[in-house]
Each structure stands twice: as structure tokens, then as C-alpha cells.
Amino acid sequence: MSGPRVNSFFLGNSSGVDFSIVLSSIDEETGKLQLANCSGSRRAGDWNLNVRRGMNTSKVTISLTRNLQLCLPNATDCCTTPLCVVETLQVLACRDSVMLAHLLIQAEIYAYSSFTGNVSENATIIPNQVFQPLGSCPCDLTAGACDVRCCCDLECTPDLKQLFNELCFTGVFGGNVNPPFDQLCTSDSMEYTPDWFPFLCVQSSLDNTPFLGYFYHGSISTPSVPPFKIPLQASPGKLFTGYRQGDPIMTEENEYFTIPQQSMAGQCVGNAPVAYLQNFDVKCLTNLASYEEGLPHDVRINSGTGDFIQQNVIYRNITDTSKFITASESLHTAEVLCQNVTFAEHYTFIWKDKNIEQVNVTVFLGSLCDGGYQVGKPVRAANMNASDTFGSLNIWQPAGRGLCTSATYTPVLFGVDSLSGCVLEVGVDEDCSFLRGNVTEKLNSLMQATHIGKRDSSSYSDVNDWVEIIRLDPFNSDTNVSTGDLKGICPDIPANLNIRIIFADVGAVQGIPQQEILAVQISYSTVIWQFQCGLICENSISFLPITASVQFIKVPAQPAVPMTRFEMNDIEFDCNRNDVCWPQLFYPLTRFYTGEPYSQCLAKGLSLAFLVLLAVIMSNPWFSKL
């Protein structure tokens, strides 16, 4: 602490808790701080301890009671040196002589300074920096001390300058407030000088440098009498004169306005204060079991001038939650069917000078439901014949030359039809039976499963949540497989794997369709492999491409109502089985006709109607008498 008062908070029930303060000393032999016990009191030396108890939080205030004025001649009860107080304090919280918590405080407090100069009543005129630089040494930042690497600092002695003489700041910050510019005739900073440069260069004094415009434009300021002591920093919660960059934004309840942010250790802190004029974009991972509702938006924010601003909240719904969910978590149907969650919140602060004028919040809501698949999510598989029931359903992801030996796997995604494959190296003397077994083994390596989950949240312990994979083996007892007597030719090679997944919409929860897998079938397509070579078969290696295809077939959840005999025989208004289609008489005038623009069809239709009407009128008897 650097001021005469500091506040801390004790979290939890404080009934029966005794707070005390102890002046700590350092052991001369070991050099370590001696740990205090619970025998202290609320006063130690020049320090007092006050406690304001609450229901779950107690505010502990430690204050200094001594005078911090610098000593004048023949004065007492004052500070003899600028560094007035250097002490170590320990604040203890004990219950029944058992220490619950302790706080270590290192106090270094400087004495208050007094103004001893003459105060001028005249206004201080700051020179116009367009014509004259305000500071001749911008790196001189510390008053009464030498700034390291600031060679223009007049407070740096020659001995100190020797320590960093070769590392001085350069440019305007290092004191070169009037550097030569490129347009100056005497400047040699340009690497390439064109031939016309001597005719168009500028002959000017460095006092007319264009760098003067980089400084802030000054103005006339009225003098103010310096206070007799340095004022303490006001509480950050009482901001009535505006925010500064980095100040925490306060609420109407004089508390910090907090938003989950990422700490220096990489973890997400839920109650992190929001700093003024500091942008951030944070993504925090939250387990579904510990999920809580979004941030409260009824909190009014201190604008910086004592006024309070209400947050303007806009809610938006998102349907694709895949980019917000990193891993699938099982939701038990008995616990929750569908849960509305907040996936993201975007805060926009509109500010002017030192004040906040408006706060806009965009909240992205979505439903996290237990049940059906979402398009693009991996299909869940299980191997019920193994002790570890976890299974996989994959397709190939070729790499390099596309050989099967270097191909990797990628999971089958729900609702995404796909086709992949790889190339298998086969020799000219390859045995056909061995080739069939090798290809079948490569294809079966994609399916390490016996069952497929009906839903994305299928439980491995519930057999009713899974459907068995229907396998149509390429060879059975009824199939005659040719052994392949010709060299380099092998028939009935199961080179194509076909995966058909049948799914349907089985309902909707809060308007979100729930899709389930009803059946899965795996079949093989055979090909005739023949060794490929040119005019001369010098190479003994050929290639056999094998593929795997995935097809998702959507079927109605309920079978359609069968047609009656009358509906099957009534073809008068059936355009598919009748040459004359009366329902499509005015089809060119409808929006479904796309052969011509709708405006042209409408104009032609009106013209035709006008001609028909004109023909009817002209055919009346009174026109015939004329």
C-alpha cells in the first residue's frame, strides 16, 4: 500500500470471527518474516483496524493515524524523511484461536509535500507547438531523478551518462525535436537522391521543421494554487468527473461492472472488471453440468458523470450451435429435454471524451436439446461385442500419392453424403483369393462398430438407443466366386463399400426438429481387376482403386396413407396421366412459371384478355345492326 488507508474483504460468515492487526518484524538470524498468532488487537502502533460486517462479506479497513507532513524547523510529530513509513503488517481472522485467514501488507508511504514557491496571478501561456516545441527533452519523465537512456535529461550527471552513453534514445523522444527532414537541401538521409533534387529542395532553418505539427496544440491555462498536501486518489466507484483509460467501469450499486475474461494464466475469470477503452475478445469453455444463465442486463452503468445508463439488449437466435460446442456431452432425458442457453454476448460501449454515452448488448441464444443429430456432427458408433463398447464409423482421407497405406481416417458426418477412396498396390502375380481378403480387410477397417446410435446422445448402457448395422457380405454360401485362372485378372473383387443410413424427423422440441437414425445398411460392389500395363509389361506393380460411399436417405416418420380405388381411377384432374390438364390452364400467369419474366407474362395475359373481351363485344347484335 502507498496511501494511509486500504480496504480488504473477508468472504464468508463472519459470526464469531475476531479480526486483529499485528506489526511484523523480520528475524535477524533467518531473514524470514515471523508469523503472528491470534493474540493481536485492532490497534498496532499507528495503525487502526475497523470491520464492517455483512451477511456473507465483511469489509476490513486498515488506516494510518499519524501525521504525514514533512518536518519544518523545530517541528515534531512529522516525517523527517520523504519516505515516511516503511512497515510490514499482518491482518488476521481467527475463530476460537484458530487462524482462518491472514493478509500480509507492505506499507511504503511518502510524506506530503508543501508548496514553497511564489504563486503568480498571471495566466500561464503555453507556446503554440506549431512554431515552437513545448518540451525539449520528451524522455525526461521523472522529476528530480535521472531517466536511464535519456541523454538530454539535465539531471543526469556525466558519470551516470557513461553507463548508457551508447544506448541513448534517438529521434524526437530522445530530445531531437527538430530533426532534419528529407526535403532539406542539406539533408543526406535519403538513400537515393534524384537528379532534380537540387532544383526543388528547400533551404530553411530547422526552426521551421514540419515535425512541429506532430505535437499537441496548446492553449491558455489559468493558474491554480498547488494544495498543501497531495490529495488521495478517490474511490474508483465514485466517478463523477469522467473515466480515464484503464479505469474500471462502475455500476449504479458502486460496484465493478464485470464480464468473464481470460486471466494471465489462461483461465477464465467470471467476475473480471471491464476497463475503460480496452477492447477484448474472450472465449470461455464451460461444462454443461455447471452452466449458469447469462449475465444480468438490468444493471445500470455509471456514465462517468454521475448519471446511470440502462443497457440496450438485442436478442438473436442461432440454429447452428456446432461452432460453440467443442465436445458432445450426454444429457439424460429424465433430467432435461431442451435447454435454452446463452452462447455469446457482444458488448459495445459508445463513448465520448471521458464519458460513456450508450451501451449496446447483443445476446446470442440457442437451444441445447437432448435427442436428434445435427447436420455436420459425427455419427456415433458402438461395438457391442467388445469390452470397450466405443466404436467408430469412418471414411478415408487420402494424403500424398493417395495410397491406402498412407491414408488417414475421418468420421462420417450426419447428413453429409460423401465419397472417398484410396489406391491399393497389386502385383501381376497376385493371388485372387488373397486380394479379395486384403480388400475386404481394408474396407472393414473403416467400420469398427456393430451398432449405430439413434441419437447424438445415445447412452452406451441402453441397448434401445442403438440400431444394429445390417451387413450384406460380398460372399456367402450361395455366391459362386471365380478363382481367376488367368494371370493378372481377378473377378469379383469387392472394391466398393456402400453405407446407407436411413433417418427421419421423429418430432420437434420447442420448434427444433429431432432427427433419428432408423437403420444402417452396409453392402459391397464387386469389380473385375485386370493388371494394367503398356506395350511391354515391365512394371510388376499395378493399382486397384477402392472406394467407400456414404448416403443418407430421409424417410417419413409415418407411412403415407394409401390411395383409395376411386383416387387411383380418377384421372380427370391428374396432369401426369391425362393429356388435358385443366388445373394448369392459367399456369403461365402464376409465380411458378419461370420461362419468362413475370411482368411479361402478366402483360401478355392482360392483352389476351382484352382481345377476348373485344371479340365478345363486337359479336353482339347491336354492333351487327351498325
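A salt bridge is a side-chain nitrogen of Lys or Arg within 4 Å of a carboxyl oxygen of Asp or Glu. The model is predicted: local features need pLDDT of at least 70, side-chain atom pairs count only at pLDDT 80 or more, and totals for chains, interfaces and linings use all residues. Residues are numbered from 1 along each chain as its sequence is written, and side-chain values use heavy atoms, with hydrogens and water left out.

**Overall make-up**

- The protein chain has six helices and 26 strands; these are DSSP runs numbered from the N terminus, with helices (H or I) of at least four residues and strands (E) of at least two.
- Of the 626 residues in the protein chain, 29% are buried. Here buried means under 20% relative accessible area, exposed means over 50%, and partly exposed lies in between, with a 1.4 Å probe and protein chains only.
- Contact means heavy atoms within 4.5 Å. Among contacts in the protein chain between residues at least 6 apart in sequence, 61% join residues at least 24 apart.

**Salt bridges**

- Side chains of opposite charge can pair when their charged atoms come close.
- The count of salt bridges comes to six.
- Glu596 and Lys604 form one of them, with their closest N and O atoms 2.9 Å apart. Glu596 is partly exposed at 29% relative accessible area, and Lys604 is partly exposed at 48%.
- Arg300 and Glu252 meet through their side chains in a salt bridge of 2.9 Å, N to O. This pair links distant parts of the chain, 48 residues apart: Arg300 is in the loop between strand E11 (268-273) and strand E12 (301-302), and Glu252 is in the loop between E9 and strand E10 (258-262). Arg300 is partly exposed at 30% relative accessibility, as is Glu252 at 36%.
- A salt bridge of 2.8 Å, N to O, joins the side chains of Asp505 and Lys554. Asp505 belongs to strand E24 and Lys554 to strand E26, so the pair ties together parts that are 49 residues apart in sequence. Asp505 is partly exposed, at 28% relative accessible area.
- Arg455, Asp465 and Glu516 are linked in a network of salt bridges.

**Disulfides**

- A search of the whole structure finds nine disulfides, each being a pair of cysteine sulfur atoms within 2.5 Å.
- Cys146 is partly exposed at 23% relative accessibility, whereas Cys156 is buried at 6%.
- Cys151 is joined to Cys168, with S to S at 1.5 Å; this link is left-handed, with -50° about the S-S bond. Cys151 is in the loop between E8 and H1, and Cys168 is in the loop between H1 and helix H2 (197-200), so parts that are 17 residues apart in sequence are tied together.
- Cys185 is joined to Cys201, with S to S at 1.9 Å. The torsion about the S-S bond of Cys185 and Cys201 is about 95°, so this disulfide is right-handed.

**Nonpolar cores**

- In soluble globular proteins, nonpolar side chains tend to be buried together.
- A nonpolar core is a set of buried Ala, Val, Leu, Ile, Met, Phe, Trp, Tyr and Cys residues joined through side-chain atoms within 4.5 Å.
- The largest nonpolar core holds 41 residues, of which Val379, Leu393, Leu435, Ile452, Leu497 and Ile517 touch the most other members. Elements giving two or more residues to this core include helix H3 (432-444), strand E24 (489-509) and strand E25 (512-530). E24 gives the most, with seven residues.
- Leaving aside neighbours within four places in sequence, Ile517 is in contact with residues including Tyr373, Val379, Phe414 and Ile452.
- A second, separate core of 23 residues includes Ile21, Ala44, Leu68 and Cys84.

**Surface**

- The protein chain exposes about 41,800 Å², and carbon and sulfur atoms supply 54% of it. Accessible areas come from the Shrake-Rupley method with a 1.4 Å probe; for residues, only the protein chains shown count as cover.
- Val580, Trp582, Leu585, Phe586 and Leu589 form a nonpolar patch on the surface, with about 530 Å² of accessible area together. Patches are made of residues with over 30% relative accessible area and no salt bridge, like charges being joined within 9 Å and nonpolar side chains (Val, Leu, Ile, Met, Phe, Trp, Tyr) within 5 Å.
- Leu585 is in the loop between helix H4 (565-569) and helix H5 (598-618).
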